[in-house]
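This report is meant for someone looking at the protein for the first time. Please keep the sequence and the structure in view while reading.

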Amino acid sequence: MSWSTFTSPASPAQVRAYGSVLDALHAFHDALASAAPGPELLDRLAEDLRGWTDTLTPMAVPELERLAGRTLSLPVRGHPAVPPFVVDSLDGDKIEGTVTFGAFFLGGGGSAHGGTILTIFDEVLGVLAVTQSRAASRTAYLKTDFRATVPVDTPVRVVAWVDRVEGRKRFLRGEMWVGETLCAEADALFVVVRDPTA
């Protein structure tokens, strides 16, 4: 069973509107992370956010019916917590694409937070692990070596490939580049799950 089995049953209009919300959410995250508002504005913002939380909470649906993380036509399947990664090319054994870490993902000193770099590697390698109708799998380990800092607000190229397959085990590797600079390398193992609904 492939990942596409778990795709959200959203309509095209829902997907378009949800994509628009995600664009606005990412822009809001970056604006909030870059600003230092006063207490009155922050109180008003918190009140507005609580209002939207109250509106959305009764609309909760089971995991397989959600838009977040299950809308395959959107970058990173429409997952709101993952920086948008745009796939440039994907075949059975290799994937390439671009991600730009906004201010929301700043770790310090103008560089992306190390944890968000691992998040992108996990997302990209996970997509590659289930291409060509390969069965659903889960991350068994993900080792990352940092070679140089990854700047925010700069396009970052990510390349990943299947290193080898041994039964249920899929060994994958990845690299993150800014221009000609290798910033990070990943070595991962994904294992096919015995029960894809688990």
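The protein chain exposes about 11,200 Å², and carbon and sulfur atoms supply 57% of that area. The model is a predicted one, and the values below are computed from it. Of the 198 residues of the chain, 35% count as buried. The mean positions of its 18 positive and 24 negative charges lie 8 Å apart.

## Overall build

The secondary structure of the protein chain comes to three helices and eight strands, and from the N terminus on these elements follow the order α-α-β-β-β-β-α-β-β-β-β. The radius of gyration of the chain is 18 Å, which is close to the 16 Å that the globule rule gives for 198 residues, so the chain is as compact as a globular protein of that length. Taken along the principal axes, the C-alpha atoms fill a box of roughly 60 × 40 × 25 Å. Among the contacts between residues at least 6 apart in sequence, 64% join residues at least 24 apart.

## Helices H1 and H2

Helix H1 covers residues 12-34, and its 23 residues reach 33 Å from the first C-alpha to the last, close to the 33 Å expected at 1.5 Å a residue. Helix H2 covers residues 39-56, and its 18 residues reach 26 Å between the first and last C-alpha, close to the 26 Å expected at 1.5 Å a residue.

Which residues of H1 are buried? They are Val15, Tyr18, Gly19, Leu22, His26 and His29. An α-helix has 3.6 residues a turn, so residues three or four places apart point the same way. His29, which is found in helix H1, counts as buried because its relative accessibility is 15%, under the cut-off of 20%. Not counting residues up to four places away in sequence, His29 touches Pro80 and Phe104.

Helix H2 is hardly covered, since the count of buried residues among its 18 residues is zero. Gly51, one of the residues found in helix H2, is partly exposed, with a relative accessible area of 30%. The C-alpha atoms of Gly51 and Val124 are separated by 34 Å, and the two residues are 73 residues apart along the chain.

Most residues other than glycine have a negative phi, and most peptide bonds are trans. Against that background, Val76 has a positive phi of about 45° although it is not a glycine, and phi of Asp153, likewise a residue other than glycine, is near 55°. The place of Val76 is in the loop between H2 and strand S1, which covers residues 85-90, whereas Asp153 lies in the loop between strand S5 (137-146) and strand S6 (155-166). Are these two residues buried or exposed? Val76 counts as buried at 7% relative accessibility, while Asp153 counts as exposed at 57% relative accessibility.

Glu123 is found in helix H3, which covers residues 114-129, and it is buried, with a relative accessible area of 9%.

The place of Ala188 is in strand S8, which covers residues 181-192, and at 0% relative accessibility Ala188 counts as buried. Leaving aside its neighbours within four places in sequence, Ala188 is in contact with Leu125, Tyr141, Leu142, Arg170, Phe171 and Leu172. Ala188 and Trp177 are eleven residues apart in sequence and 18 Å apart in space, C-alpha to C-alpha.

## Accessibility side by side

| Residue | Relative accessibility | Class |
|---|---|---|
| His29 | 15% | buried |
| Gly51 | 30% | partly exposed |
| Val76 | 7% | buried |
| Glu123 | 9% | buried |
| Asp153 | 57% | exposed |
| Ala188 | 0% | buried |

Key: Residues are numbered from 1 along each chain as its sequence is written. This is a predicted model: local features need pLDDT of at least 70, side-chain atom pairs count only at pLDDT 80 or more; totals for chains, interfaces and linings use all residues. Side-chain values use heavy atoms; hydrogens and water are left out. Helices (H or I, at least four residues) and strands (E, at least two) are DSSP runs, numbered from the N terminus. The radius of gyration is taken over C-alpha atoms; the globule rule is 2.2 Å times the number of residues to the power 0.38. Buried means under 20% relative accessible area, exposed over 50%, partly exposed in between (1.4 Å probe, protein chains only). Contact means heavy atoms within 4.5 Å. Accessible areas come from the Shrake-Rupley method with a 1.4 Å probe; for residues, only the protein chains shown count as cover. Lys and Arg count as positive and Asp and Glu as negative; His and the chain ends are not counted. The place of a charge is taken as NZ of Lys, CZ of Arg, CG of Asp or CD of Glu. The expected span of a helix is 1.5 Å times one less than its number of residues.
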